[in-house]
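Could you walk me through this structure in the viewer, one selection at a time? I would like to know what to pick next and what is there.

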Amino acid sequence: MWDQILTGFGYWDVYAWISFFLVAGGMVYLIRSLGRKDYKQGSDQDEIFFGSNPVPEDGEDLKVPASSAYWGYTQALKPFYDVLVGFHTGVATDYAGWYILVTALVALLILL
Amino acid sequence: MSWQVHLPALLLAVPLLGAFLAPLTALGGKGLRNTWFVLVSAAFTMIAFLLWTRVGSTGTAIYVMGGQGWNLALPSGMSIPVRILMEIDAFSAFMVLLSAVAALAGAVFSIAYMDRFSGLEKFVALYFLMVTGMFGMEITGDFFNFFVFLEISSVASFGLVAFWRDRGEALEAAFKYMLVSTLGALMVLVAVAFLYSKYNVVNMATLGKVIEWGIVEKTALVLFLTALAMKCGAVPMHMWMPDAYAEAPAGVTCALIAVSQASLYGLFRVTYTIFGAFMGSPVIPWVIIVLGVLSMFIGVSMAVIQKEVGRLIAYHSVSQVGYMLLGFGVGLLALSDARAMAEYGFTALKGGVYHIVNYTMYKGLLFLSAGALYYATGCRNLNDMGGLGRKMPKTMALFMIAAAAIAGLPPFNGFVSKLFLYESTFAVHPILAVFAMVTSVLTLASFVKIFQTAFLGPALQKFEGVREVPGTMLLGMSVLGVAILALSLFPTWSVNHLVEPAAKALVDQASYIGAVFSASVTGGGL
């Protein structure tokens with residue numbers, strides 16, 4: 001139960017990883033404990049720096065929406081995504097059409 | 001004779017009884033209905049567990065229905081089995097156990113999740129019918145009954161996907177699912193008819209023994225392969241999956257994952273057990289590998305750009321099915337070459353089998369987490385969410401476990417199955433491993449997106465009243481969360497007791513065939 005898993009090419013040892021995370025966690029805790037202890041909660045030290053502007057009361061005005069995530073990635077791959085999204089038409093007959101097409105292609109490959 | 005010889009029959013009878021009595025439980029009110037829902041689910045999970053342990057200790061189980069005796073596969077004077085025959089080897093038992101756990105988690109979660117809606121006795125009845133069909137697909141020993149069980153699970157699934165019938169999207173998703181699913185089931189029936197027309201038999205073991213490699217058989221294989229690949233969501237036949245998974249109630253989606261795995265089981269039973277002897281030609285294995293690579297890459301690419309949490313996770317289902325197809329495809333490629341099987345084929349197969357376990361557990365938990373977010377906030381769109389980690393810390397913790405596991409972050413279980421797949425597929429061609437790794441990176445990216453936009457960020461005023469979901473929903477999620485942690489912490493036990501016996505059973509065609517005929521002679525079986 002506690003052995004390593006041999007993959008044929010290497011091995012997997014979950015306990016080595018858990019030990020690594022425990023050591024890393026301990027180091028993080030140590031570094032954190034070296035921080036200043038005279039920090040005053042509720043004072044200006046607590047304030048969020050929002051480009052020198054007043055911080056909006058509702059988080060809605062602060063948050064980064066999901067549609068902004070990976071903007072650079074999707075812009076860089078726009079031609080790829082245009083094709084990919086265009087291929088997902090949402091039309092039921094297309095769903096059936098792709099199934100028939102794949103069946104025909106596989107039939108050609110196997111029967112010929 | 002132990003009562004446990006009847007476990008295969010009980011596995012079908014218990015959920016079927018649960019389905020037919022569910023409308024009556026409505027007479028006893030909500031409490032009786034919910035108790036019935038959980039009790040029957042717990043009962044079939046226990047039966048699945050007992051069956052798995054029994055098959056592990058006594059070998060392949062045979063159960064004959066409608067015959068002179070439960071273990072008489074071949075009555076005197078008969079040269080082929082003609083009764084309804086259940087055959088459960090280690091691979092079947094493994095699938096049944098996973099499916100039962102997913103269905104139990106979905107049922108427990110659904111108690112509170114569905115409480116606000118009416119018509120729940122119909123919901124429970126359809127749920128149990130779906131489970132019956134799923135179990136039937138995984139334990140049946142003949143193709144015609146495979147088709148019947150496929151239809152039972154599909155028809156019940158259509159009703160469950162469309163359960164929120166006031167939502168046009170749910171009805172549309174169910175209609176699309178019904179259209180392609182019925183087309184696929186029809187092709188399965190035509191494939192069975194092709195084989196029956198030539199061999200006069202539908203029993204899987206007998207077909208595996210006598211089958212030849214002619215036009216009829218090749219046509220049947222094509223029809224089986226594409227229909228079952230479509231049912232498990234392989235690209236480019238996957239489009240029904242994001243629609244159906246995102247629109248079905250979360251508990252149902254958790255069980256639907258196991259239903260799609262039953263189709264995957266059928267695909268591998270056909271290719272390995274029935275047609276395994278003809279896999280010297282690399283065409284079929286490469287078709288499965290290409291479908292796997294396409295599913296992995298296109299599924300995850302589409303997931304990254306989704307804004308609706310259910311659809312995002314559903315596209316990941318397509319991607320994860322790709323990993324399994326890749327592993328099983330590489331295993332199939334090595335099936336007729338003992339050296340290749342020893343070098344990389346069996347490792348790939350173990351990776352595929354291990355990924356089935358992992359996928360069923362973490363994907364189920366991810367869908368339940370998405371359901372919890374919807375239950376608490378009424379939102380499906382990630383753009384509308386934020387800061388929920390403060391309000392729903394337990395849901396967030398369970399989501400994090402599942403997200404880390406699916407992304408293959410060490411030390412979680414998802415990494416182990418992916419490690420098997422990376423290393424073995426690299427031996428076939430490095431580009432396969434590259435696709436698998438890129439898919440894993442994009443998987444992590446998309447779950448970071450959900451985590452960051454739904455759980456992190458500033459608190460939103462509109463969610464001030466949001467509270468953690470009820471205990472039964474957390475319990476349903478915890479069943480899967482604990483399973484993921486156990487699989488992660490005890491990988492050696494998982495591989496030795498769950499994965500390897502299933503993988504060995506799948507490549508041991510002779511044992512599957514021999515079990516039916518030895519049961520006929522000796523009256524053996526379970």
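**A tour of chain B**

Select chain B to begin: of its 526 residues, 65% count as buried. Keep in mind as you look around that this is a predicted model.

Next, switch to a cartoon view. Chain B shows 19 helices and 2 strands. Its radius of gyration is 22 Å, close to the 24 Å that the globule rule gives for 526 residues, so chain B is as compact as a globular protein of that length.

Taking the contacts in chain B between residues at least 6 apart in sequence, 81% join residues at least 24 apart.

Time to colour by domain. Select 1-275 of chain B for domain 1, then 279-489 of chain B for domain 2.

Then zoom in on where the domains meet. Here 33 residues of domain 1 of chain B are in contact with 38 residues of domain 2 of chain B. On the domain 1 side, pick α3 (90-113), α9 (240-247) and α10 (250-274) of chain B: these are the elements that give two or more residues to the side touching domain 2 of chain B.

For a last stop, colour that side of domain 1 of chain B by residue class. Where it touches domain 2 of chain B, you will find 26 nonpolar, 7 polar and no charged residues.

Terms used. Residues numbered from 1 in each chain as written. Chains lettered and ligands numbered in written order. Predicted model: local features only at pLDDT ≥ 70, side-chain atom pairs only at ≥ 80, totals over all residues. Helix = DSSP H or I, 4+ residues; strand = E, 2+ residues; numbered from the N terminus. Rg over C-alpha atoms; globule rule 2.2 N^0.38 Å. Buried ≥ 20, exposed ≤ 12 C-beta atoms within 10 Å, placed from the backbone. Contact = placed C-beta atoms within 7 Å. Domains from an automatic or database assignment. Nonpolar A, V, L, I, M, F, W, Y, C, P; charged D, E, K, R; others polar.
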